[in-house]
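Subject: Structure for your files

Hello,

Here is the structure I said I would send. My notes on it follow below.

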Amino acid sequence: MVKNIVITPGFLGRPEPIYSLSEIDIDESVATYGVGLTPKNKYTSLSKKYSFGEEYLRNSHLIEMWINEEHSGLAAISFSNYELGDGDDAEIFIATLDFVALDTKLRGKGVSSYLAEQCGYFAASAMLQHMLINNIKKCALIFTADFESDGGERFFFNMIEFTDQALNIGAKVSKLKYTLEAETDSLQWVFSSKGPRVKRKSTK
């Protein structure tokens, strides 16, 4: 007998090479990432490895990273939206980077930028999907995070640049409009953008 099943969408990215400089040579590693692939019975071991509370794992979307097939980092992003009145012309979509953690032995090897890129694309995809499903033509994305370290804020704003790149392309394809605002509690860096951006014609 055939039965319908409900599957929570997950995704495994294509393996990609990452290069880093060592004292004597160029090291090559293979990185890949996944979304929604970790079973709940693995949450406790992950929280111990990266020293964070399990509540983030249960209430956020996990973007995980493997380097040479070894679990090497993860980030958690949660989403919400703010309902506006009838007189407002744009919905507000809120994304929060709840935490990010990397294996300490991989610091300085370029893996942080790889994970930031995947997180940025994932956040942009989530917003565009929300707009398309709900027939929203204009949306304001507010991306927030609360970090005490400069390294955390650098990761956040690296991720935001990738988010903006992906949103700009997706908005053009889908004929949508967006604004993107990003800041952290320290207000050390603030990012603002809107799109889709029109490519200027050459004057030559």
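Phenylalanine 122 counts as buried, at 19% relative accessibility; buried means under 20% relative accessible area, exposed over 50%, and partly exposed in between, with a 1.4 Å probe and protein chains only. This is a predicted model, in which local features need pLDDT of at least 70 and side-chain atom pairs count only at pLDDT 80 or more, while totals for chains, interfaces and linings use all residues. Residues are numbered from 1 along each chain as its sequence is written, and side-chain values use heavy atoms, with hydrogens and water left out.

Aromatic pairs

A search of the whole structure turns up seven aromatic pairs. Rings of Phe, Tyr and Trp (its six-membered ring) pair if their centres lie within 6.5 Å; planes under 30 degrees apart count as stacked, over 60 as edge-to-face and the rest as tilted. One of the pairs is phenylalanine 79 with phenylalanine 122: the ring centres are 6.0 Å apart and the planes stand at 45 degrees, so this pair is tilted. It links distant parts of the chain, since phenylalanine 79 is in strand S5 (residues 70-82) and phenylalanine 122 in helix H3 (residues 111-133), 43 residues apart. Helices (H or I, at least four residues) and strands (E, at least two) are DSSP runs, numbered from the N terminus. Phenylalanine 79 is partly exposed, with a relative accessible area of 24%.

The rings of phenylalanine 143 and phenylalanine 156 have centres 5.7 Å apart and planes at 85 degrees, so the pair is edge-to-face. Phenylalanine 143 belongs to strand S7 (residues 138-145) and phenylalanine 156 to helix H4 (residues 150-174), so the pair ties together parts 13 residues apart in sequence. Phenylalanine 143 is buried at 0% relative accessibility, and phenylalanine 156 is buried with a relative accessible area of 0%.

Ring pairs also join Phe11, Tyr33 and Tyr114 into a cluster.

Helix H1

Which residues of helix H1 (residues 43-50) are buried? They are Tyr43, Leu46, Ser47 and Tyr50. Seen down the axis of H1, the buried residues fall within an arc of 100 degrees, so they line one face of the helix; the arc is that of the directions from the helix axis to the C-beta atoms.

The chain overall

The chain has four helices and nine strands, in the order β-β-β-α-α-β-β-β-α-β-α-β-β along the sequence. Of its 204 residues, 42% are buried.

Regards
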